[in-house]
Amino acid sequence: MLGFDPTPSDPQRLVVLSDALRKIVQALVQSRTELSRMGRTGSVWDGPAGAPIATLLRRYSLQLSALEESLVDCLQAVDNWREGAEQRQAQIANIVAAVADVAGDAGTEDRRTRLIAAARELGVDHDRAAADLALAFDELSGAVEQIIRADDDLAGELHRALVALTAAIDDWIAAEAPELLRTAIALGEVAGLTTVISELVGIAALGRNPGEAVGVSDIIARSPGSHRLIKALRRQWLDVAPAALPEATFSHRQSGGLARRLSDRRPVHVEVAGTDSAAPPAAASGGGLLGSGE
Amino acid sequence: MRVALQIGHRTRAAPVIVLDVPPDFHQVPLQTETETRTASQLQLLEVMGLSDPAQREALSLYLEALAVRLSDGTVVGTAFCAVELDGHPSTATLTVALHPTATADRGLAVMGAAEAMRRDGRYATVDIRELGVHPAVTGMAERPSVPGDAASGEVGATLREMSVLVPVPGHEQAAMLTMSTPCLEDWEVYETLLLDIARSLQVQQTHPDFIR
């Protein structure tokens with residue numbers, strides 16, 4: 001009817017573009033939030049080994065923040081454009097309807113001309129709004145270029161920091177891991193042994209049916225890790241005994257006094273080499289204590 | 001219940017690690033002084049409400065055996081709970097060790113421990129977490145008992161356990177906590193509890209009562 005389209009725009013496609021931009025902004029905000037958490041107290045990056053990586057990524061986070069601002073501006077421009085375009089298209093639709101009303105009426109030429117002029121003016125506004133939209137995208141492009149220029153070696157720096165961190169971790173593992181794993185195993189064993197207490201007091205029924213009558217010794221004997229406890233206790237006492245018990249020197253040659261006292265109580269004869277030969281021979285008892293003496 | 005673990009030498013000036021543990025957990029007495037330990041063992045027997053002499057004797061002997069077993073090494077405490085959950089009896093064990101890390105860099109200790117635990121293969125899952133202000137490693141394992149694990153050769157119960165390693169701020173030490181239970185249906189309760197206990201870790205310069 002007008003012979004031209006002063007407000008070309010596809011609102012549906014603008015909705016799609018707006019949604020896509022909104023999702024990108026949300027993803028950026030989430031990423032920036034996660035990156036800004038690095039290095040704070042409680043983070044594994046809060047320490048000399050992780051700090052270089054955290055610093056690099058926080059710097060990257062600041063750049064993402066600039067990109068995020070440009071994207072938000074862009075999104076705002078798209079939303080403004082869509083809203084304006086819809087209003088202008090509605091106004092054009094009214095103009096088209098008015099032009100259709102006066103079509104063929106010879107006395108309304110001036111009115112038709114004014115309507116077409118108004119449509120052209122709307123077209124100019126539309127083009128101006130489009131230029132603003134294009135400018136927002138130009139600024140977005142500039143923000144991306146700035147990131148690229150500012151951090152052309154981000155990948156390289158990250159690589160070097162990661163290699164250093166990996167080496168530090170490997171060194172730590174080589175020195176500390178065996179003992180750490182021994183501690184972890186010990187904890188598991190002690191936990192298993194402590195669990196037996198619950199069964200002793202009747203709370204748990206490890207490996208048996210609840211209510212089944214089982215003696216205390218059976219419970220301990222069948223508990224997970226019980227043989228390790230027994231072994232450990234034996235080892236423990238072997239370690240303790242030599243240091244804790246008085247050393248036998250047999251330096252007092254008291255004519256078999258000890259042997260006699262023992263023989264008074266039970267039929268075991270003790271032979272201490274180098275002592276009174278009057279003491280009965282050990283062989284006669286079938287056993288005894290043999291000391292090396294002096 | 002606040003459980004305190006001594007860092008370094010046992011002096012009043014030495015800092016301690018404090019953990020908040022629910023009062024349902026009964027600590028196995030591990031004091032080095034025999035008299036103190038025996039008194040604590042008797043107190044525990046009273047708390048447990050055991051009246052059967054055989055049960056009391058067996059538990060007493062078992063407690064003493066555990067104390068002897070733990071008299072050296074890095075395991076500094078063990079406690080058990082015997083509670084009712086959703087109408088059924090339930091039990092779990094909390095075990096604590098202090099482990100030297102050779103670094104005050106908590107991040108390095110956590111990343112190193114996580115990688116070591118993964119390479120070891122003992123754990124089904126190993127994760128790095130932030131527990132409040134503490135970076136930590138968690139490792140979960142299920143240990144089905146096998147014939148030969150018990151002295152009688154019988155198959156016992158399956159125990160599920162989670163270990164948490166929390167580096168101690170400002171010290172070249174880490175607290176390692178393990179929660180273990182044969183009550184697999186209650187696992188979520190105990191897992192949450194363990195993480196809460198680990199989250200509560202604090203270093204205090206005062207000298208409260210401590211395990212050992």
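Mentor: Happy to! B:Arg129 is partly exposed, at a relative accessible area of 25% (buried means under 20%, exposed over 50% and partly exposed in between, with a 1.4 Å probe and protein chains only). Its partner is B:Glu191: the two form a salt bridge whose closest N and O atoms are 4.0 Å apart. A salt bridge here is a side-chain nitrogen of Lys or Arg within 4 Å of a carboxyl oxygen of Asp or Glu. B:Glu191 sits in helix H4 (residues 187–199) of chain B and B:Arg129 in strand S6 (residues 125–131) of chain B, so the pair ties together parts that are 62 residues apart in sequence. Helices (H or I, at least four residues) and strands (E, at least two) are DSSP runs, numbered from the N terminus.

A word on the background: this is a predicted model, in which local features need pLDDT of at least 70 and side-chain atom pairs count only at pLDDT 80 or more, while totals for chains, interfaces and linings use all residues. Residues are numbered from 1 along each chain as its sequence is written, chains are lettered from A and ligands numbered from 1 in the order in which they are written, and side-chain values use heavy atoms, leaving out hydrogens and water.

Over all chains, the structure holds 16 salt bridges. Another one joins the side chains of B:Arg37 and B:Glu64, at 2.8 Å from N to O. Here B:Arg37 belongs to helix H1 (residues 34–48) of chain B and B:Glu64 to helix H2 (residues 53–69) of chain B, so this pair links parts that are 27 residues apart in sequence. B:Arg37 is buried, with a relative accessible area of 10%, whereas B:Glu64 is partly exposed at 25%.

B:Arg122 and B:Asp120 also form a salt bridge, with their closest N and O atoms 2.9 Å apart. B:Arg122 is partly exposed at 39% relative accessibility, and B:Asp120 is partly exposed at 28%. Salt bridges can also join into a network, as they do for A:Asp170, B:Glu115, B:Arg118 and B:Arg119.

Finally, take a look at B:His99, which is placed in strand S5 (residues 88–100) of chain B. B:His99 is buried, at 1% relative accessibility. Leaving aside residues up to four places away in sequence, B:His99 touches A:Glu176, A:Glu179, A:Leu180, A:Thr183, B:Glu172, B:Gln173 and B:Ala174, where contact means heavy atoms within 4.5 Å.
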